[in-house]
Amino acid sequence: IASGGQADVYGHNDVIVKIMHDQSLLIKKEKIKELSVLTTSEVVKPIEYVFEHNKPIGFTTKRIVGSYVLTELTSNTFWQKHNITADIIKQLCENMQKVIQFVHDNNCLIVDNNEFNCLISKLNLKQPFFIDVDSWQTKSFPADAIMDTIRDWHSPNTFTRLSDWYSFGVLMCRLFIGIHPYKGNHTKYGKDIKERALANVSIF
């Protein structure tokens, strides 16, 4: 299905198999256990290891068949083609909010909550699914990666529930308005998201 810097992703029926290029980066068994408390179907968490010659080389997750990547919903063309209204986006945002709150209530953090790590059901555009869960932060396993576009530059290397909500706010701005809150051109700051975020110079 896809190939990235860390893994190749395969799909078969209702199962996704993620094979790591570097097995040292494979999610630990203890972290799979800590993520198992996230029992809502919207969280597509690791299930079990995949083995080759009795050595774990990857893991399985549930496959979400028939979905869009969240970033697709930020386009006016997509809205027009699929008859999307602000009310649909509002309900999608509320459902995402509930999932994030559930994650926090179970002492986990998403951290890299970017527009490519959330899938939206084609059958129900209000239904989100959160993927790349193996990179989330749990009690014993801190996260160390986040996309710069959703990073809170006032606290760039500190990940908390508030930093998760900051990233969520960026995504909501993109969904409702179609642009990142610190994008666009500015006479003083140009197009530098980090510089504008630090100066609190948003599109508003």
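Is Asp132 buried, partly exposed or exposed? Asp132 is partly exposed, with a relative accessible area of 24%. Buried means under 20% relative accessible area, exposed means over 50%, and partly exposed lies in between (1.4 Å probe, protein chains only). The notes below start with the model and end with single residues.

1. **The model.** This is a predicted model: local features need pLDDT of at least 70, side-chain atom pairs count only at pLDDT 80 or more, and totals for chains, interfaces and linings use all residues. Residues are numbered from 1 along each chain as its sequence is written, and side-chain values use heavy atoms, with hydrogens and water left out.

2. **Elements.** The chain has five helices and eight strands. Helices (H or I, at least four residues) and strands (E, at least two) are DSSP runs, numbered from the N terminus. From that end, the order is β-β-β-α-β-β-β-α-α-β-β-α-α.

3. **Overall size.** A compact globule of 204 residues would have a radius of gyration near 17 Å; the chain has 18 Å, which agrees. That radius is taken over C-alpha atoms, and the globule rule is 2.2 Å times the number of residues to the power 0.38. Along the principal axes, the C-alpha atoms fill a box of roughly 60 × 40 × 30 Å.

4. Buried residues make up 42% of the 204 residues. The accessible surface of the chain is about 11,400 Å². Carbon and sulfur atoms hold 52% of that surface. Accessible areas come from the Shrake-Rupley method with a 1.4 Å probe; for residues, only the protein chains shown count as cover.

5. **Contacts across the sequence.** Contact means heavy atoms within 4.5 Å. Take the contacts in the chain with a separation of 6 or more: residues 24 or more positions apart account for 58% of them.

6. **Charges.** The chain has 23 positive and 22 negative charges, and their mean positions are 3 Å apart. Lys and Arg count as positive and Asp and Glu as negative; His and the chain ends are not counted. The place of a charge is NZ of Lys, CZ of Arg, CG of Asp or CD of Glu.

7. Strands of a sheet pair through backbone hydrogen bonds, either parallel or antiparallel. Here an open sheet has the order β1-β2-β3-β5-β4, with antiparallel pairing. Its edge strands are β1 (2-3) and β4 (49-52), and each pairs on one side only. Two strands pair if DSSP finds at least two bridges between them. Six bridges join β2 (residues 7-12) to β3 (residues 15-20). In that pairing, Tyr10 stands opposite Val17 in β3.

8. **Gly11.** This glycine is found in strand β2. At 35% relative accessibility, Gly11 counts as partly exposed. Beyond residues up to four places away in sequence, Gly11 touches Ile1, Ile16 and Arg63. Gly11 and Lys62 are 51 residues apart in sequence, but 9.5 Å apart in space, C-alpha to C-alpha.

9. **Around β7.** Three bridges join β6 to β7, and the two run antiparallel. Val69 stands opposite Leu119 in β7. β7 also pairs with β8 (residues 128-130) in the antiparallel sense, over three bridges. Cys118 has Phe130 in β8 as its bridge partner. Six residues lie between β7 and β8 in their hairpin.

10. **Two covered faces.** In a regular strand the side chains alternate between the two faces of the sheet. Both faces of β7 (residues 118-121) are covered. Cys118 and Ile120 are buried on one side, and Leu119 and Ser121 are buried on the other.

11. Gly66 is found in the loop between β5 (55-62) and β6. At 32% relative accessibility, Gly66 is partly exposed. Leaving aside neighbours within four places in sequence, Gly66 is in contact with Ile120, Ser121 and Lys122. Thr71 sits in the loop between β6 (67-69) and α2 (76-81). Thr71 counts as buried because its relative accessibility is 19%. With the neighbours within four places left aside, Thr71 is in contact with Glu115, Phe116 and Arg174.

12. **Two positive phi values.** Most residues other than glycine have a negative phi, and most peptide bonds are trans. Val111 has a positive phi, near 70°. Val111 lies in the loop between α3 (86-105) and β7, and is buried, with a relative accessible area of 2%. Asp132 also has a positive phi, near 60°. Asp132 lies in the loop between β8 and α4 (161-177).
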